[in-house]
Amino acid sequence: MKFGRFLLEDCGGAILAHTLRRGKLTIRKGTVLSRADLQQVSDAGIDSLIVAIPGKEDVNEDVAAGRIAEALGVSGAIAADAGTGRVNFHAEHAGVLRISAERIDAINAVDPGITFATLADFTPVKAGRMVATVKIIPYAVAEKAVEAVEALAGQAGVLAVHNYAAKRVGLISTRLPALKDATIAKTARVMEGRLQASGSTVVFHDAVGHEAAQIEEALRQRAGDCDLMIVFGASAICDDRDVIPEGLRAAGGKVVRLGMPVDPGNLLMLGELDGKPVLGAPGCARSPARNGFDFVLERLLAGIAVTSQDIGRMGSGGLLMEIASRPQPREASGSSKAKTFISAIVLAAGQSRRMGKDNKLLLDHGGEPIVRHVVRAALDAKSIAEVIAVTGYEGEAVKAALEGLDVKVVHNAGYEEGLAASLRCGIEAVTPGASHVIILLSDMPKVTPNMLEAMAKALGENAHSIAAEKAIVVATNKGRRGNPVLWPRAHFEALAAISGDTGARHLIGQNADDVVEVEIGEAAALDVDTPQAYALLKDLP
């Protein structure tokens, strides 16, 4: 394939490398140039273009991506149509993703222009979530390279989504005087939420004394009533001879493993009774936030066997972010207060469907694109230490709109998945050790640096005396909650675990006692996502 600037007379059938705009003329990049296209270009006074000219042995990017996608040994995922050299795979049903890293590496070693990316092995997914993508980098690749990848892709087991199977789950909670009934009840509710994706149900929840003999009796009596048993101890399992493992052995079961290299989740017990799994839950399993307990439970619900060796291999990637139920000590006793470090994430990956043919983020407002206003507001707020912009749809154009600004741009290749995918990209790009993150929507240009400063100030000065490391600061308009929202590190893991095209409103509801509201006026409610909203923006001062 030839690539470069060529005279128009040599561009027939070539592929336009960059979008061309001249007056009323617009030709999108990737267009295969026809005679009519070239005549319009010539009429616009242009005599040359930067194009890609495929050779006889080259395969068009969309054709190559489609062929590779069709050849891939994929189970439980559906391929979308090829476009811009890309084919995305989406989970056909909820379950747990399994991949062959060895085969994926082999595919990616054939030609740098042919790429295959997936979510991590054992990632839990919902139906419709993007799990993999084939992307052809240049506008065309060699036929031999495509054939080589097809041969590798055709091997079974490259990628599979293991379907969940609805299971009957039994819960046993042990009691001690200090454990409240409300905590036991909440544990059951959280567990029911965990099981929802798989269609599994809690068939019983028994409370017994925190003694080996009572645990033994409960396990014996209930083993036949369920497919999986989970024991929540009033006190964490701290030894192989503690009451929960001893109760399991006395009931005729065995302890497969105690302890896992995942934090939070270290104090997990995996056992077996009458051929059925028995889990001794760590304390963090009482929280809905993802932890080591989920690593094991998800596999069991998807019919994937878990051994002691499997758990032992979970340490790579097993250090999870902090969760609200288990805050980490950051300073030694008596030391000064830890310094606040606020990262701003500007979500700028959406497809702007409600605006029509225009990308709302690139529309003019006061001589600048709307997205640039939002990013500059974050940059000009003195309390914000770094600004991250997450791009997706028309990512290059959005990135160009931010040229010259001191902003870290990260691209969300899975922007079609929705808002949550961009949120994950942003959280993953935050500087390690950041104490807070403020999430801004990129179509809200009326948010000012002073408003962001007021929200940051509320961390340490709020009427409810909520500590900075716990406070969730929400912008309001006449008392109605809107955006932005400032989050402490304790919730980063939960933010990254959100899926679909929803925000974090449910997390705010779950942590209502820690919410601090800051009134910033109509800026908290005005998102410019329709032509009507854009017209309203023009009329505002």
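Guide: Two strands pair if DSSP finds at least two bridges between them. Strands are DSSP runs of E (at least two residues), helices are runs of H or I (at least four), and both are numbered from the N terminus. This is a predicted model, in which local features need pLDDT of at least 70 and side-chain atom pairs count only at pLDDT 80 or more, while totals for chains, interfaces and linings use all residues. Residues are numbered from 1 along each chain as its sequence is written, and side-chain values use heavy atoms, with hydrogens and water left out.

Visitor: What makes β8 and β9 a pair?

Guide: Three bridges join β8 to β9 (residues 86-91). The cut-off is at least two, so they pair. They run antiparallel. A77 stands opposite A91 in β9.

Visitor: Which strands stand at the edges of that sheet, and why?

Guide: The sheet is open, with four strands in the order β8-β9-β13-β11 and antiparallel pairing. β8 (77-79) and β11 (114-118) each have a single partner strand, so one side of each has no neighbour in the sheet. That is why they are the edges.

Visitor: How do you know that β29 pairs with β27?

Guide: Count the bridges. β27 and β29 (residues 480-488) have four, in the antiparallel sense. That passes the cut-off, so they pair. I439 has V485 in β29 as its bridge partner. β28 also pairs with β29 over four antiparallel bridges, and V473 stands opposite L486 in β29. β28 and β29 form a hairpin with two residues between them. In the turn, K478 has a positive phi of about 55°.

Visitor: Why is R372 called buried?

Guide: Buried means under 20% relative accessible area, exposed over 50%, and partly exposed in between (1.4 Å probe, protein chains only). R372 has 17%, so it is buried. R372 is found in helix α10 (residues 370-380).

Visitor: What makes R372 and A401 a polar contact?

Guide: A polar atom of the R372 side chain lies 3.0 Å from the backbone oxygen of A401. The limit for a pair of N or O atoms is 3.5 Å; within protein, one must be able to donate a hydrogen and the other to accept it, and residues adjacent in sequence count only if both atoms are side-chain atoms. R372 also touches L402, E403 and L405 (contact: heavy atoms within 4.5 Å), not counting residues up to four places away in sequence.

Visitor: And why is G318 called buried?

Guide: G318 has a relative accessible area of 2%, so it is buried. G318 sits in the loop between α9 (308-312) and β22. It touches P261, V262 and D263, leaving aside residues up to four places away in sequence. G318 and P264 are 54 residues apart in sequence but 8.4 Å apart in space, C-alpha to C-alpha.

Visitor: What makes a group of residues a nonpolar core?

Guide: Its members are buried Ala, Val, Leu, Ile, Met, Phe, Trp, Tyr and Cys residues, joined through side-chain atoms within 4.5 Å. The largest such core here has 40 residues; I384 and V473 are among those touching the most other members. α10 gives the most to this core, with five residues. A second, separate core of 31 residues includes V169 and F232.

Visitor: How do you know which parts to read with care?

Guide: Check pLDDT, the predictor's confidence in each residue, from 0 to 100. The protein averages 90, and 95% of the residues score at least 70. Over residues 325-337 the value is below 50. Where pLDDT is low, the predicted coordinates should not be read in detail.
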